[in-house]
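Trainee: I am new to this structure, and I would like to walk through it with you. Could we take it one question at a time?

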Amino acid sequence: MFVKLMTAAAVSVAIPSVAFSESAKKYVFVTGGDFAPYDMTNPDGTFYGFEIDLLKELAKRGKFDYELRQMAWDGMMQSLMDGKFDAIIYSVTITDERLKVVDFSLPYTSEASSFAVEKDGGISIPTSDAKINIGEEAGKSFIETKVVPALKGKTVGAEAGSTQLNFVKQFLEQNGVEIRQYVGLPQAYQDLASGRLDAVVAADTSLADFVDKNKDTAEVTGPGYVGGTLGLGPGIVVRKGDTALLGPINEGLKQMTADGSLSELTKKWFGRDLSPTR
C-alpha cells in the first residue's frame, strides 16, 4: 500500500489497549482502519481485519502489551519519526527509500499490484501467467508495449504517497496518462464507479475486495506487477534502531511462518495463501 506523504500530522483516536501482563512493555501502534481486508473499522470504533489479528498474535508471542490507535495516513510516517507513537501496522510497503528513515519488520504478506477498471470502460491489458517484475527489462517492455497503449489518454487513480503511485508516475505519467492522487482508496473506487476515473491501481487484495463487491460492473485487467518501485511487500514500521520492539515482532513472524499460522491467517482474510515466500 501506500499513502506516504510525510506532512502535517493527522488527528488520532485512541482505541482501548490490549494487556497481557502487569510487567509487559506497552507500545502504541497506529493503523488507518480503512484498508480492507487488512484493517477495517466497526461502527463502534473497534478494529478488525488481517493486521488486527496479526498484531494480537505477535503481541501474545512477543509478550508485549499494545494500544491501537486510528490515524490518517497523511502524516503517519513523520509522526512516527517524531516519537508520537511506536509503530505503524497499515500495509506499508517496504522500499529502499523508506528504509533510509525508518525500520521495517519482515514482510507479512506477498502480493502484487494491478489495475481495476469498469467492465464497459473499453480498457483491456493482456493477462500474463507470471507476475510482471517492473525492475527487469522484460517487465519494462511489457509496460511500454501493453500497458501504456491501453491507458494512454486515460485517467488513473492511486493512493497519495503509495508505491503504486510511484509506479504509475514512473512509467505512465510521461506517456499521456493522467494520474490523480487520493488520500485513501475508498474515494478512488467511488470515482471509478461513477466514471470520474478510468482505472485504479492498488494492491491485489484491495482490488479484489472492491471487485468482489462490484462484480457486475468492475474487474481487474492485466497481470500483477511486483519489484522495482513497488517494493518488497508490507511490513510493520518502527523508528530507526528500535530493536527492542522490532526483535519480538520479527521473531513472532518467523515462528508464525514456521508453524503455518501466518499462512492460515492469510487464507482466512484473503481466501488464499499470501504468506511471504522470501
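Mentor: Gladly, and a word on the model comes before your questions. This is a predicted model in which local features need pLDDT of at least 70 and side-chain atom pairs count only at pLDDT 80 or more, while totals for chains, interfaces and linings use all residues. Residues are numbered from 1 along each chain as its sequence is written, and side-chain values use heavy atoms, with hydrogens and water left out.

Trainee: Which residues of E9 are buried on each side?

Mentor: Strands (E, at least two residues) and helices (H or I, at least four) are DSSP runs, numbered from the N terminus. Buried means under 20% relative accessible area, with a 1.4 Å probe and protein chains only. In a regular strand the side chains alternate between the two faces of the sheet. Both faces of E9 are covered, with Ser113, Phe115 and Val117 buried on one side and Ser114, Ala116 and Glu118 on the other.

Trainee: Why is E9 largely enclosed by the rest of the structure?

Mentor: Count its buried residues: E9 is largely enclosed because the buried ones number six of the six.

Trainee: In which sense do E9 and E13 pair?

Mentor: Two strands pair if DSSP finds at least two bridges between them. Ser113 stands opposite Ala203 in E13. E9 and E13 are joined over five bridges, and the sense is antiparallel.

Trainee: What is the bridge partner of Val117 in E14?

Mentor: E9 and E14 also run antiparallel, joined by five bridges. Within E14, the partner of Val117 is Glu219.

Trainee: In what order do the six strands form the open sheet?

Mentor: The edge strands, each pairing on one side only, are E10 (132-133) and E12 (178-182). E11 and E13 pair in the parallel sense over two bridges. The pairing in the sheet is mixed, and the order is E10-E14-E9-E13-E11-E12.

Trainee: How are H1 and H7 placed relative to each other?

Mentor: Two packed helices are described by the angle between their axes and the distance between the axes. Axes are lines fitted to C-alpha atoms, for helices over the stretch in contact (heavy atoms within 4.5 Å), and angles run from 0 to 180 degrees between N-to-C directions. H1 (residues 50-62) and H7 (residues 243-259) pack at about 105°, with their axes 9 Å apart. Angles of 65 to 115 degrees count as roughly perpendicular, so H1 and H7 are roughly perpendicular.

Notes
Parallel < 35°, antiparallel > 145°, perpendicular 65-115°, else oblique. Buried < 20%, exposed > 50% of the residue type's maximum accessible area, 1.4 Å probe, protein only.
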